[in-house]
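Reader: I am new to this structure and would like to go through some of its side chains. Please show it first.

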Amino acid sequence: MNQRSICYLDNNATTRVAPEVIEAMLPFFQENWGNASSAYTFGKAVAQEIEKARESVAALIHAEPREVIFTSCGTESNNAAIHSALMTQPSKRHVITTAVEHSANIKYGQFLQKQGYDVTFLPVESDGSLDLHLLDLSIRPDTAIVSVMWANNETGVLFPIDEVAAICRSKEVLFHTDAVQTPGKIKIDVRSTGVDFLSLSGHKLHAPKGIGLLYIKRHVRYAPYVIGGGQEKGRRGGTENVPYIIGFGRAAELALASLHDENTRVRALRDRLENSILRSVPNTMRTGAQEPRLPNTSNIAFDNIEAEAILMMLDRLGICASSGSACTTGSLDPSHVLIAMGISPARARGCVRFSLGIYNNDQDVDLLLEHLPAIISKLRSMSPGERKSALSDSTARAEQSAVSA
């Protein structure tokens with residue numbers, strides 16, 4: 001399937017690498033391939049380009065360049081922030097996060113519990129919002145850090161990060177936010193929000209997979225998570241991934257430039273997609289608050305049907321979307337985010353997330369709206385056994401195609 005035949009509506013999962021980003025990266029594969037830590041001019045020239053990229057990503061979040069370290073991804077950045085808070089405050093063994101975080105936080109929190117730490121997973125309201133009073137009450141004298149995502153990857157619901165930061169500041173507790181879903185969609189200003197740590201991942205803003213950043217507020221103590229050489233001023237060991245860092249810097253510039261487009265044109269596409277589905281397909285509902293929400297994200301529950309079946313049929317048409325569920329050992333487990341919002345497991349299994357981006361257009365939305373109502377109607381008319389058989393056939397065909405390829 002060539003790229004032109006793909007209708008890609010899953011930008012919260014990953015994004016296409018921008019042509020401008022590829023163009024910026026290529027010289028660092030072909031010409032300027034030196035080691036940035038080297039003492040000779042060939043290496044030092046590369047180091048200078050890394051610092052230019054650092055300036056670009058720092059500008060995206062309104063930070064000072066020296067407050068930014070490059071990592072491999074958002075997961076590493078999230079883990080590193082929490083790890084540092086615990087290592088620099090050994091007497092504090094309590095961590096607070098939410099029940100709707102990315103698995104990078106959920107699973108790291110579960111790991112910490114096995115190591116004897118106390119981790120509080122704050123519940124959310126039925127619309128996915130956070131009870132700030134409960135957060136305030138949950139902070140204890142031994143709380144090392146609070147980690148709350150800025151935007152939920154499944155529902156797009158935005159948390160009031162300014163207010164969370166203010167609560168943490170009043171209690172003298174470190175605050176980290178996973179802001180992976182936000183760049184290019186909302187303004188990020190670490191100065192005005194007052195966060196201590198912030199995570200980003202390049203592949204969510206049209207840079208390659210395998211590069212991320214961690215913002216560390218000036219004067220906040222930091223204990224390295226990856227220990228090795230003296231790279232990143234001793235804060236993150238490992239030879240610099242130069243081409244990807246350069247690409248990340250260029251993507252950050254593009255993300256700043258696309259803020260208006262995301263909040264006008266892309267938002268309008270999302271709203272047309274969502275409103276049309278809710279009007280034309282019976283027994284559907286939007287999950288999560290309508291606002292505040294990312295301008296590109298819509299999570300819709302289709303009652304009496306499983307999302308996996310919908311996605312399989314959309315895939316045959318070249319339409320890419322995603323489910324709020326994860327397939328594990330042959331069974332479909334409902335999304336922990338939706339369950340935390342009080343949505344029943346049956347309804348959660350029928351939720352589909354559509355997430356648009358700057359490369360989407362009216363034709364993409366038209367294609368989805370042309371076919372989705374008929375797909376839902378057809379699947380609802382089938383017996384559970386027929387749906388299971390159809391899914392099995394689709395899976396077998398996909399596996400056979402993969403083997404043939």
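Author: Phe42 is partly exposed, with a relative accessible area of 34%. Buried means under 20% relative accessible area, exposed over 50%, and partly exposed in between (1.4 Å probe, protein chains only). This is a predicted model, in which local features need pLDDT of at least 70, side-chain atom pairs count only at pLDDT 80 or more, and totals for chains, interfaces and linings use all residues. Residues are numbered from 1 along each chain as its sequence is written, and side-chain values use heavy atoms, with hydrogens and water left out.

Reader: Which residue forms an aromatic pair with Phe42?

Author: Rings of Phe, Tyr and Trp (its six-membered ring) pair if their centres lie within 6.5 Å; planes under 30 degrees apart count as stacked, over 60 as edge-to-face and the rest as tilted. The structure holds three aromatic pairs. In one of them, the centres are 5.0 Å apart with 85° between the planes, so the pair is edge-to-face, and the partner of Phe42 is Trp33.

Reader: Is Trp33 buried or exposed?

Author: The relative accessible area of Trp33 is 57%. The cut-off for exposed is over 50%, so Trp33 counts as exposed.

Reader: Which side chain does the side chain of Glu76 contact?

Author: Glu76 belongs to helix α4 (residues 74–88), a helix being a DSSP run of H or I with at least four residues, numbered from the N terminus. Glu76 is buried because its relative accessibility is 9%. A polar contact is a pair of N or O atoms within 3.5 Å, where one must be able to donate a hydrogen and the other to accept it, and residues adjacent in sequence count only if both atoms are side-chain atoms. At 2.8 Å, the partner is the side chain of Arg236.

Key. Helices (H or I, at least four residues) and strands (E, at least two) are DSSP runs, numbered from the N terminus.
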